[in-house]
Amino acid sequence: MIVVAGEALIDLVPAGKAPGGDPAGDLPALLPRRGGGPYNTAVALGRLGTPAAFCSRVSTDGFGEVLLAGLRAAGVDTSLVQRGPEPTTLAVADIGADGSAGYGFYAQGTADRLFALPGALPEAARALCLGTCSLVLEPGASAYEALLRREAERGIFTLLDPNVRPGLIPDADAYRARFRSWLPYVSVLKLSAEDAHWLGGSPGEWLAAGPAAVVLTHGGEGLAVHTRSGERIAVPAPRVQVADTIGAGDTVNAALLHRLAAVPGALDEPARLDGTAWRDTLSFAARAAALTCTKAGAEPPYGDELTS
C-alpha cells in the first residue's frame, strides 16, 4: 500500500465566458472539481491499480462527502481520513492561454488545516507521499511534517512534492529553510522547474542533503531525474492537445510511485535504481501526465489507458 497524506479541496475551474457577457468584465462560470495535490495523487494511484490509502482531514459538508466518494470510486482506502465540521478549502483556478493554472485559495478555518498526527500506518504501507498546501498551512503542516519524519525514520520510502503555492506562504525564506530541513527524510524529491527556481538551490545540493533522486518536470518539454550517482536521465513529453494542466504534476507523483513499486527493491533501496529502470519509470510518468492534460480539471488516467 502507498499512503498519500495531504489536503483534499474543491477546485473552482472557469467554464468559459458567462452567457450574454458581463458588462463589468465577462465573469466566467466556475465549475467545482475534486482537487488538492495529494488527493489527486491518491486518486491517480487508485486508477492505475496500485493499492493506496489517503491520510487527511476532510469536512463533513457536502463537498467533503463528494471528495470521499471520489476516493472510494478509485478504490482508495479512506480509513486514515479524519473528519471535521469545518468547511472544505476552495481553490479558484485561473487558466492561462497555454493551459497552465494559477490558484487563489479560500482556506481560513477549513477542515484540512486541523489534521492531527495519526497513529501507526497500516502494516501494508510501503511508501508515503506528501506535499502542496498541507505542508504550509498550520497547525496541520506541523503534523504532516511529524508524519514524514516518523515514517522516514522507520525506513518507509518517502516522496515529497512541495508543489509550491507562493500566495499561501507568508515568509518565503522561512519556508525555504523548512523545505531544506525535510530533505534528510526524503527518498525521492519531485519538483517542477518553476518550484525549483522559486526554492533556490540545485539538484546536486538537494541530493547531498538526503534524497536518492531528484525528479524535475519541465511541462511540455518532459521530465528528468538526477541521481546520487551523478546520472541525469531525461525523457520527452508526448505531444497532446492540452485542455489544461491541472493535476498533471500529481499524476507524475502517482505514476512514479506506481512504476517504482513494481521494480523489486526500488522502494527499499532507491539509490540502486539503474538508468534503464529510471528511463522506463519517467517515460510512463510522462505518458500518464500527458493524458491528464487532455482533460479539463484533474482527471488522471486509468491503467488500461496506458496499456492500450
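**Figure 1. Surroundings of Asn 163 in the predicted model.** Asn 163 touches Gly 37, Thr 132, Asp 195 and Asp 250, where residues up to four places away in sequence are not counted and a contact means heavy atoms within 4.5 Å. The model is predicted, so local features need pLDDT of at least 70 and side-chain atom pairs count only at pLDDT 80 or more, whereas totals for chains, interfaces and linings use all residues. Residues are numbered from 1 along each chain as its sequence is written, and side-chain values use heavy atoms, with hydrogens and water left out. Asn 163 lies in the loop between strand S10 (157-161) and helix H4 (172-182); helices (H or I, at least four residues) and strands (E, at least two) are DSSP runs numbered from the N terminus. With a relative accessible area of 13%, Asn 163 is buried; the term buried stands for under 20% relative accessible area, exposed for over 50%, and partly exposed for values in between (1.4 Å probe, protein chains only). Although Asn 163 is not a glycine, its phi is positive, at about 45 degrees. A separation of 22 Å lies between the C-alpha atoms of Asn 163 and Arg 126, which are 37 residues apart along the chain.

**Figure 2. The loop between S9 and H3.** Thr 132 is found in this loop and is one of the residues touched by Asn 163. The phi of Thr 132 is near 65 degrees, a positive value in a residue other than glycine. Thr 132 counts as buried, at 5% relative accessibility. Pro 139 also belongs to the loop between strand S9 (127-131) and helix H3 (140-153). The peptide bond that leads from Glu 138 to Pro 139 is cis, with omega near 5 degrees.

Figure 3. A disulfide is a covalent bond between the sulfur atoms of two cysteines. Here it is defined as a pair of cysteine sulfur atoms within 2.5 Å, and by this rule the count is zero. For Cys 129, the closest cysteine sulfur is that of Cys 55, at 12 Å, which is too far for a bond. For Cys 133, the closest cysteine sulfur belongs to Cys 129, and the distance of 14 Å is again too far for a bond. Cys 129 is buried at 2% relative accessibility, and Cys 133 is buried with a relative accessible area of 5%.

**Figure 4. Packing of H1 with H2.** The axes of helix H1 (residues 37-48) and helix H2 (residues 62-73) come within 9 Å and cross at roughly 30 degrees. Axes are lines fitted to C-alpha atoms, for helices over the stretch in contact, and angles run from 0 to 180 degrees between N-to-C directions. H1 and H2 are therefore roughly parallel to each other, a term for angles under 35 degrees. H1 contributes Tyr 39, Ala 42 and Val 43 to the contact, and H2 contributes Val 66, Leu 67, Gly 70 and Leu 71. By class, this contact has six nonpolar residues, one polar and no charged ones; Ala, Val, Leu, Ile, Met, Phe, Trp, Tyr, Cys and Pro count as nonpolar, Asp, Glu, Lys and Arg as charged, and the others, Gly among them, as polar.

**Figure 5. Context of the close-ups within the fold.** The protein contains eight helices and 14 strands. Of its 308 residues, 53% count as buried.

Definitions and conventions
Angles under 35 degrees count as roughly parallel, over 145 as roughly antiparallel, 65 to 115 as roughly perpendicular and the rest as oblique.
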